[in-house]
Amino acid sequence: MKGTYLGEFEELVLLSVGVLQQEAYGLAIKKELEDQTQRKVSISAVHASCNRLEEKGYLTSHFGEKTQKRGGRRKKIYAVSLPGQKALQRAQHIRKSLWDRLPPNAFTLDFA
């Protein structure tokens, strides 16, 4: 398994794949990311991230059926693997631990 560090965008891609389940293919992942983050995402960034996540063992993929709508091409459907699920749980735990350690006034701004 290639490096196990999970970047922010990779984490968002993994979460989107989990949300989309059997509909987790490139364009649907892109749309989910844009809808949830309110930022523009390129399809090439999604594909590159999915490729990296597959190399890390965090995603698996298979090809769906050919469709007339896609000119006979098949969609590459992604799924979060068990190591991917564990990586997401670790990331969630780290973030929660940090949030829990913040003092109540950590982000209080005084403009007086």
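The structure holds one aromatic pair, where rings of Phe, Tyr and Trp (its six-membered ring) pair if their centres lie within 6.5 Å. The model is predicted, with local features requiring pLDDT of at least 70 and side-chain atom pairs pLDDT 80 or more, whereas totals for chains, interfaces and linings use all residues. Residues are numbered from 1 along each chain as its sequence is written, and side-chain values rest on heavy atoms, without hydrogens or water.

**Tyr25 and Lys75**

Select Tyr25 and Lys75. Lys75 lies over the face of Tyr25, at 4.0 Å from the ring centre; a charge sits over a ring if NZ of Lys or CZ of Arg is within 6 Å of the ring centre and within 35 degrees of the ring normal.

**Helices α1 and α2**

Next, select residues 8-20, which form helix α1. Helices are DSSP runs (H or I, at least four residues), numbered from the N terminus. Helix α1 packs against α2 at an angle of about 110°, with the axes 9 Å apart; axes are lines fitted to C-alpha atoms over the stretch in contact, and angles run from 0 to 180 degrees between N-to-C directions. Therefore α1 is roughly perpendicular to α2, a term covering angles of 65 to 115 degrees.

To display this contact (heavy atoms within 4.5 Å), select Phe9, Leu12, Val13, Ser16, Val17, Val19 and Leu20 of α1 together with Ala28, Ile29, Glu32, Leu33 and Thr37 of α2. By class, the contact of α1 with α2 has nine nonpolar, two polar and one charged residues. Here Ala, Val, Leu, Ile, Met, Phe, Trp, Tyr, Cys and Pro count as nonpolar, Asp, Glu, Lys and Arg as charged, and the others, Gly among them, as polar.

**Helices α2 and α3**

Proceed to α2 (residues 26-37) and α3 (residues 43-55), which pack at an angle of about 110° with axes 9 Å apart. Helix α2 is therefore roughly perpendicular to α3. On the α2 side, select Gly26, Leu27, Ile29, Lys30 and Leu33; they meet Ile43, Val46, His47 and Cys50 in α3. The residues of this contact of α2 with α3 comprise six nonpolar, two polar and one charged.

**Helices α1 and α3**

Finally, show α1 with α3, whose axes come within 10 Å and cross at roughly 85°. These two helices are therefore roughly perpendicular to each other. Select Phe9, Glu10, Val13 and Leu14 of α1, then Ala45, Val46, Ser49, Cys50, Arg52 and Leu53 of α3, to see the contact. The contact of α1 with α3 divides into seven nonpolar, one polar and two charged residues.

Note on methods
Phe/Tyr/Trp six-rings, centres within 6.5 Å; stacked < 30°, edge-to-face > 60°. Parallel < 35°, antiparallel > 145°, perpendicular 65-115°, else oblique.
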